[in-house]
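Student: I have a model open and some questions about the words used for it. Can we go through them one by one?

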Amino acid sequence: MMIRSLMLGLSAELLAVAPAHAAPSPAPLIPVEAFGALPSFSNPSISPDGKRVLAVAMIGGEKAVVVYDLDGDGTHFTRLNLGQDLEVMEARWAGNRRILLSIYGTNQVYGLTVAMTRLFLRDLDTGELHALGGNQVGGFSGGDIVYVDPAGTYVLLAAQRTIWDAPSVLRVDLETLKTKELTEPRPGVWSWYADANGVLRAGLGSDTASWWLYYRDRPDGGFRRITGKRPAAESLFNVETLVPLAGSDKGYVIANKATGRYGVYRYDFATDTIGEPVFEHPKVDVDGLAFSLKTGQPDAITYADDRDRIQWLDPAMQALQARLDRALPNRINRIVSRDAEDNRMIVWSASASDPGVYYLFERGKGSMTEMARPFPALEGKALAPVEAVSYAARDGLVIPAYLTRPLGRGDKGLPLVVMPHGGPFLRDKWEYDSWVQFLANRGYVVLQPNYRGSTGYGRAFVDAASGEFGRKMQDDLDDGVAWLARTGLVDPKRVCIMGGSYGGYAALWAAARNPEVYRCAISFAGISEVKAILRYDPAGWVARRYYRDWRDRIRGADKFDLDAVSPITRAASIKVPLLIAHGVKDLTVPVDQSKRMDQALRRAGIDHELVLYPEEKHGFSKAEDSIDFLKRVEAFLARHNPAG
């Protein structure tokens, strides 16, 4: 892969970028290979000295973690090999010559397959790969990074000693790999926080009814337990991220107590007091804080209304963002990575109907260099517009959604594909989605509902899904179909449903529960037996902030019998055609979920198609498999819900 260069002057605010394409009518079909292609370049992170970029790239048709030299010609890279059965959750710099890799895998414990994480170090000078923590890491969780020294000399790692312990915090010297325990495991404490100087300052604990905080104000002090003021009946998610300030009892917290939506507030650790707001949004949650390597302090707040946004706390960065947005209007323009001096930055510019471009911005020169277009086969192609919409569910709850209309197909009586997102405690946004654009190019309207339980819309919206797995959460999808039918845009007799992970579950369950609404269903990596997935521990299956009690949210207060909302228990009654696909090496939703569904359907004599991808996990890492899946989707829809 070559990182292309094209010098563009930002100082004149005449940044050239491929304009949104005016679509011919009707839009020509784009080859399936263009939509099935995996991004040639993604998740870039610049080194502190601004000389190298860590990224995910397609090498020889497979995903790989690579390092590029920014001052080279873009053709030379270092590939970080990890083994086919390990999945990289996160890759980040530790100084300029070392890389930390949080790895996700599985292990067998008492006959059960369980998820586990580990942290590895890759040294770019020696090429060596080391597991960190040694014999002090022995439980499921061993890859949670608390702090990384900017110079790359050490890392603070939260890891379990055994499967029975909460994590202790280890200081690992990245030169010698020697490990020192900074604090022993404390029951119920799974989140630890350090300040900008790398001093471990706080641990947040919880049980089923209460909160507490372990806190110290200096590196040589002992931790004291502070009992929180929050009533026992309050949600365990009122407080999320803590940010202690070096040399002070003050800091920041991301919390949702004040408004029911996560915001950023000042916080007094010594008294456990949430202070005045730094940033609150009137409708949606804050997603996180961004930190400056230059100061070590928070300098930006991220959130999403209909799309990803950023609120800079640094006036200079706020002015730079405004210049970018003026130069690249009607797009999402994100500074995704910065060097330690805020000089070299990687900018991502895209829209829901444009898969985007990565640029290298050099602040001193006021110029941008095009680094990569991750989907080159789509350059110059007309893609469908995506609109943020909303509709009322049958109980009156307003459901945010995204509506994509096919180009050149009119606006009456069109076929529809409902595409619920995975999670379920995640959300869709106004952004490019290859499946959505593929379906729209084939003539389908696509509806992406952010059904109740989707995150980002405040605590009440998530709470509305408690105990509603397969019930009101599913009603929200059906109600979206009814809404579109009333507008006349879609033909209610030409509706299919397609999704992955939880969306795959929703597709399978729709086939069993509402065959009068859907003509066919497509499930990728879907859940067929809810009880079985509750016994498994897939940390990536839910959003982190709602992770602690996700099982209770699914079961509901009345301990509802989850067999009643499991597609596998209703397999014999399914009448609509099914396409089921799954990666054999899936670590998030085990492939057994689809295999057992296939067996149940076979026993019942139900016509369906199952395709397994031997080398894939919870998504596609090989373009050939991604393309194969979309070709099967195209043929399946042509048989069972043709666009005409």
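Student: What covers the buried residues of helix 2?
Tutor: This is a predicted model. In it, the cover over the buried residues of helix 2 includes strand 24, strand 25 (332-338), strand 26 (344-351), strand 27 (354-362) and strand 28 (367-372).

Student: Which residues of helix 2 are buried?
Tutor: Met317, Leu320, Gln321, Leu324 and Ala327.

Student: What puts them on the same side of helix 2?
Tutor: Their arc around the axis. They cover only 130 degrees, so they sit on the same side of helix 2. Residues three or four places apart point the same way, because an α-helix has 3.6 residues a turn. The face turned away from the buried side of helix 2 carries the exposed residues Pro315 and Arg326.

Student: Why is Arg307 called buried?
Tutor: Buried means under 20% relative accessible area. Arg307 has 17% relative accessibility, so Arg307 counts as buried. Arg307 is in the loop between strand 23 (298-304) and strand 24 (308-312). Leaving aside neighbours within four places in sequence, Arg307 is in contact with Ile332, Tyr402 and Trp430.

Student: What makes Asp272 worth a look?
Tutor: Its phi. Most residues other than glycine have a negative phi. Asp272 is not a glycine, yet its phi is positive, about 55 degrees. Asp272 lies in the loop between strand 20 (263-268) and strand 21 (273-279).

Student: Is Asp272 buried or exposed?
Tutor: Asp272 has 6% relative accessibility, so Asp272 counts as buried.

Student: What is the peptide bond from Gly423 to Pro424, cis or trans?
Tutor: That bond is cis, with omega near 10 degrees. Most peptide bonds are trans. Pro424 is in the loop between strand 31 (414-418) and helix 3.

Key: Residues numbered from 1 in each chain as written. Predicted model: local features only at pLDDT ≥ 70, side-chain atom pairs only at ≥ 80, totals over all residues. Heavy atoms only, no water. Helix = DSSP H or I, 4+ residues; strand = E, 2+ residues; numbered from the N terminus. Buried < 20%, exposed > 50% of the residue type's maximum accessible area, 1.4 Å probe, protein only. Contact = heavy atoms within 4.5 Å. Arc of directions from axis to C-beta.
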